Amino acid sequence: MSCVRPFIRMFLSSWLLFATALGAETEEKIATATWTEKPIELDGRLDESGWAQATPLTDFVQAMPREGELATDQTIVRILFDQENLYFGVYCYQDPEKLVISSLNRDFTTTDNDVFGVAVDTWHDHRNGFVFFIHPGASKEDIQISNDGLAFSREWDGIWEVATQVREDGWTAEIIIPFKTLGYSSQDDMAIGINFKRRVRHKNEDSHWNHIPPRFRLSRMSLGGVLQGVSNIEAGRNLRIK
């Protein structure tokens with residue numbers, strides 16, 4: 001009997017640690033998108049009045065190198081929308097002299113650069129969606145995701161725009177993603193899966209808004225947060241004419 005009790009205590013302790021870790025992985029932060037009447041002038045400056053009205057998202061959490069700690073260079077994200085587009089305003093704090101930009105090509109290699117990434121789980125089914133990456137030089141990389149990140153297409157090229165500015169304390173970006181690129185039907189009071197990633201290359205530091213363990217990537221749609229407040233939009237069709 002004396003041998004059984006320590007085993008039971010050890011089992012219960014292990015189960016509690018597992019449950020705590022599982023809860024941390026499945027927690028969903030909530031973001032709110034703000035309606036804007038005025039279009040965003042795409043210049044990367046974040047000087048439109050709409051950005052000041054939008055709710056800031058911060059407290060990015062490290063995946064690497066110190067999982068669970070706050071990012072050492074913080075990121076602030078604001079989200080606007082109108083009937084046609086989602087807008088992301090991003091402020092990436094960092095020593096600008098240590099920015100890493102290795103390529104200005106479309107579909108650049110994200111591991112070799114400072115990057116900011118957006119994951120959008122269009123239907124909020126925790127399995128399918130899109131990932132958009134940018135770096136301080138305004139290059140773009142986009143990926144179509146399925147099966148919770150186990151399947152993906154880098155050949156997919158969506159229609160979206162970005163502009164960036166390097167500042168004295170980091171870099172900023174404005175990102176415009178048309179709802180027609182995301183390819184869903186219009187609804188009222190939509191819930192959209194959302195997450196963000198920041199990579200500071202010279203520190204080898206990766207962080208996310210909604211925490212993702214280091215064994216997973218931003219494409220793990222089931223580990224994202226929730227974007228609320230989007231309504232009365234028109235998705236249209238995901239078509240492009242060449």
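Visitor: Which strand gives the most to the lining of the largest cavity?

Guide: Rolling a probe the size of a water molecule over the atoms shows where empty space is left. Here S12 gives the most to that lining, with 3 residues. Strands are DSSP runs (E, at least two residues), numbered from the N terminus. A cavity is a set of points on a 1 Å grid over the protein atoms alone where a 1.4 Å probe fits but cannot get out; lining residues have an atom within 4 Å of a point.

Visitor: What should I know about the model?

Guide: This is a predicted model: local features need pLDDT of at least 70, side-chain atom pairs count only at pLDDT 80 or more, and totals for chains, interfaces and linings use all residues. Residues are numbered from 1 along each chain as its sequence is written, and side-chain values use heavy atoms, leaving out hydrogens and water.

Visitor: Which residues line the largest cavity?

Guide: Ala119, Asp121, Gly193, Ile194, Asn195, Leu218, Arg220, Met221 and Gly224.

Visitor: How many salt bridges does the structure hold?

Guide: Side chains of opposite charge can pair when their charged atoms come close. The structure holds 8 salt bridges (a side-chain nitrogen of Lys or Arg within 4 Å of a carboxyl oxygen of Asp or Glu). One of them joins Lys203 and Asp73 (2.8 Å, N to O). Lys203 lies in the loop between S12 and S13, and Asp73 in the loop between S3 and S4, so the pair ties together parts 130 residues apart in sequence.

Visitor: Is Asp73 buried or exposed?

Guide: Asp73 is buried, at 15% relative accessibility. Lys203 is partly exposed, at 33%. Buried means under 20% relative accessible area, exposed over 50%, partly exposed in between (1.4 Å probe, protein chains only).

Definitions and conventions
On a 1 Å grid over the protein atoms alone, a cavity is a set of points where a 1.4 Å probe fits but cannot get out, and a pocket is an open set with protein on both sides within 12 Å along at least five of seven lines; lining residues have an atom within 4 Å of a point. Helices (H or I, at least four residues) and strands (E, at least two) are DSSP runs, numbered from the N terminus.
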